[in-house]
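Colleague: Please show me the structure, and then let me ask what stands behind some of the terms used for it.

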Amino acid sequence: MKEFQEMHPTYEFYFIMGSDLVHSYKTWDNGDKLAKEINFIILSRPGYKIDESMLPEHNVILQTNFEGSSTQIRSRLNDHYERTNRINLGINGLTTTRVIRYIIEKQLYLINCNK
């Protein structure tokens with residue numbers, strides 16, 4: 001985040017995470033520091049109540065019914081790649097076409113794929 005902020009000092013950046021991570025982000029490397037220094041968007045996820053005492057200092061909560069996650073995206077990408085040797089499908093419906101194109105272009109999340 002610091003690198004993005006240095007590259008684009010006039011932009012305001014947000015770290016997006018699901019409400020399922022609110023209880024554990026402080027255990028991340030520098031989690032307490034992140035909680036004080038960066039902006040967070042918290043996506044409410046079905047089945048995960050948000051404990052407001054655990055929220056980062058600068059946060060916005062978005063109420064959603066979306067059940068997808070980056071873990072699902074990684075899993076689907078890799079499963080689909082193993083079956084088809086293509087990475088552009090398998091995550092339709094979990095994110096937008098623009099995000100899918102970015103993931104392909106930057107080869108993000110590819111664990112089992114030869115880059």
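The questions below take up a few terms one at a time.

Modeller: This is a predicted model, in which local features need pLDDT of at least 70, side-chain atom pairs count only at pLDDT 80 or more, and totals for chains, interfaces and linings use all residues. Residues are numbered from 1 along each chain as its sequence is written, and side-chain values use heavy atoms, with hydrogens and water left out.

Colleague: Why is Ser19 called buried?

Modeller: Buried means under 20% relative accessible area, exposed over 50%, and partly exposed in between (1.4 Å probe, protein chains only). Ser19 has 3%, so Ser19 is buried.

Colleague: Which residues is Ser19 in contact with, leaving aside neighbours within four places in sequence?

Modeller: Contact means heavy atoms within 4.5 Å. On that basis Ser19 touches Ile42, Leu43, Ser44, Arg45, Tyr48 and Ile50. Ser19 sits in the loop between S1 and helix H2 (31-37). Helices (H or I, at least four residues) and strands (E, at least two) are DSSP runs, numbered from the N terminus.

Colleague: What makes S1 and strand S2 a pair?

Modeller: Two strands pair if DSSP finds at least two bridges between them. S1 and S2 (residues 39-43) have five bridges, in the parallel sense. In one of them, Tyr14 has Asn39 of S2 as its partner.

Colleague: Why does Leu77 count as buried?

Modeller: Leu77 is at 1% relative accessibility, and therefore counts as buried. Leu77 belongs to helix H3 (residues 70-84). Its C-alpha atom is 9.9 Å from that of Ile104, 27 residues apart along the chain.
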